[in-house]
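Subject: Model handover: pockets and a surface patch

Hi,

Here is the model for your pocket work. Please load it before reading on.

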Amino acid sequence: MSTSTKPQTVAVHAGSRLTGSKSQPVVPHIQMSAVSFFENSDELDEALDGKDYVYSRIAAPNAALLEEAVAALEGTEACVAYSSGMAALRAVFDAQRLRPGDTLVMPADGYGVTRLLFKNLAERAGARIEALVLSEPSAPERLRALRPRLVLAESITNPLLRVPDLEALSRACREVGALLAVDATFPSPHGQRPCALGADYSIQSTTKWLNGHSDALGGTVSGSREKLAPLRSARLLNGDVLGPFEAWLTLRGVRTLPVRMKVHAENAAHVARRLSDCKLLSRVHYPGLPDHPDHAVARRVLHGGFGGMVAFDIQGAGRPECFRFLEAVKLARAAPSLGDVGTLVMHAASASARRMTPEERQAAGIGESLIRVSVGLEDPDDIADDLIAAVSEAVKR
Ligand code: PLP
């Protein structure tokens with residue numbers, strides 16, 4: 001088996017072998033059986049202790065192979081897979097057992113569904129919730145003052161693409177004994193390994209870049225074996241596992257993650273430059289552009305390019321113009337997700353930020369004119385031509 005730690009090799013080979021057989025399929029079998037039988041009772045007894053596969057809520061081969069591959073890409077000891085990215089986020093929250101008087105910090109400008117979930121869970125626990133723009137240079141100082149138990153950050157925020165300085169945040173967290181969990185869905189492990197920058201947990205919605213083909217929901221939490229032990233035990237009880245077919249599809253996507261991400265990032269950089277020249281746009285958001293507010297931080301905390309996400313504001317547009325834009329694209333598709341091989345576009349205020357109140361959106365700087373683009377693998381000039389033509393169509397009187 002290859003011992004290389006180079007991401008391109010790891011992505012192709014990690015998580016490809018189940019122990020116990022000399023014959024190894026090149027692609028793992030999809031093991032659909034939810035339960036296995038043993039002819040020897042001692043072996044069954046040991047399997048029920050987790051030493052072998054016996055019941056797929058306890059452990060399952062396809063999910064285990066995916067966990068091995070994602071841990072290898074994240075550079076962590078372990079990984080636990082879930083049925084969706086939201087389930088992975090919830091697992092991290094639950095493991096902290098927040099109590100009245102505890103503080104939870106989360107991004108003010110992050111994914112709206114996560115914000116609502118954490119708000120609901122914190123309310124139920126009686127914990128205080130503080131929403132901060134974690135890319136602001138004052139954020140580490142605010143964390144020191146707030147002394148939270150748990151801090152959730154997004155590596156590249158959804159949808160404004162701000163990039164917090166994870167090294168500075170993790171130093172501040174360590175000083176006050178807070179745990180740092182990072183939703184690294186936007187860069188994927190190809191673009192950032194949060195645990196190498198000091199985070200305790202790295203979370204992925206594998207539905208996005210890891211799967212890469214929009215055909216399976218899933219989520220992972222990666223970190224040290226010790227930090228993940230309570231999550232694994234909780235999953236055994238609550239049953240929030242990733243099914244075998246979803247795990248298999250996601251692992252197939254993982255095999256090409258580095259090569260896809262390289263082209264997604266190159267295409268996104270090209271599209272961002274082309275959009276920057278378009279007079280009909282008031283702002284283009286891309287961490288790779290020198291005028292992006294976090295460009296210097298992004299150069300330090302992201303690797304392998306600046307990711308495949310671009311956002312832009314259409315000059316003077318409201319919701320009707322943005323909806324016209326979504327209907328005018330010919331190559332891109334209007335779909336509320338990201339990480340697909342094809343370009344996807346979305347109106348942020350009515351989709352990813354839909355569950356935020358208008359006040360929360362305004363405070364986060366998510367305006368009605370904001371369009372988010374998940375840049376695909378098509379020819380980058382075709383993508384830029386399509387977006388610019390659709391903007392022209394949308395603002396035409
Ligand atoms: N985190 C981020 C940054 C997301 O954009 C999303 C979904 O869009 C999620 C988490 C949730 O993932 P899932 O849809 O797999 O539950």
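Predicted model: local features only at pLDDT ≥ 70, side-chain atom pairs only at ≥ 80, totals over all residues.

Residues are numbered from 1 along each chain as its sequence is written, and side-chain values use heavy atoms, without hydrogens or water.

The largest pocket has a volume of about 810 Å³. Its lining has 35 residues, with L18, Y53, A60, P61 and A64 closest to the centre. (A pocket is an open set of points on a 1 Å grid where a 1.4 Å probe fits, with protein on both sides within 12 Å along at least five of seven lines; lining residues have an atom within 4 Å of a point.) Helix 3 gives the most to this lining, 7 residues. Strand 1 (78–82) and helix 9 (225–238) each supply at least two. By type, the lining of the largest pocket is 16 nonpolar, 11 polar and 8 charged.

The second largest pocket holds about 500 Å³. It is lined by 30 residues; Y111, N158, S205, K208 and P336 lie nearest its centre. Helix 4 (85–96), helix 5 (112–125) and strand 6 (201–205) each supply at least two lining residues.

Now the surface. F245 sits in helix 10 (residues 244–254). Together with I30 and M32, F245 makes a nonpolar patch of about 290 Å². (Patch residues have over 30% relative accessible area and no salt bridge, with nonpolar side chains joined within 5 Å; a salt bridge is a Lys or Arg side-chain nitrogen within 4 Å of an Asp or Glu carboxyl oxygen.)

Best wishes

Terms used
Patch = residues over 30% accessible without salt bridge, like charges linked within 9 Å, V, L, I, M, F, W, Y side chains within 5 Å. Areas by Shrake-Rupley, 256 points an atom, 1.4 Å probe, with all protein chains shown as cover. Helix = DSSP H or I, 4+ residues; strand = E, 2+ residues; numbered from the N terminus. Points joined across faces, edges and corners; volume = space filled by probe spheres on them. Nonpolar A, V, L, I, M, F, W, Y, C, P; charged D, E, K, R; others polar.
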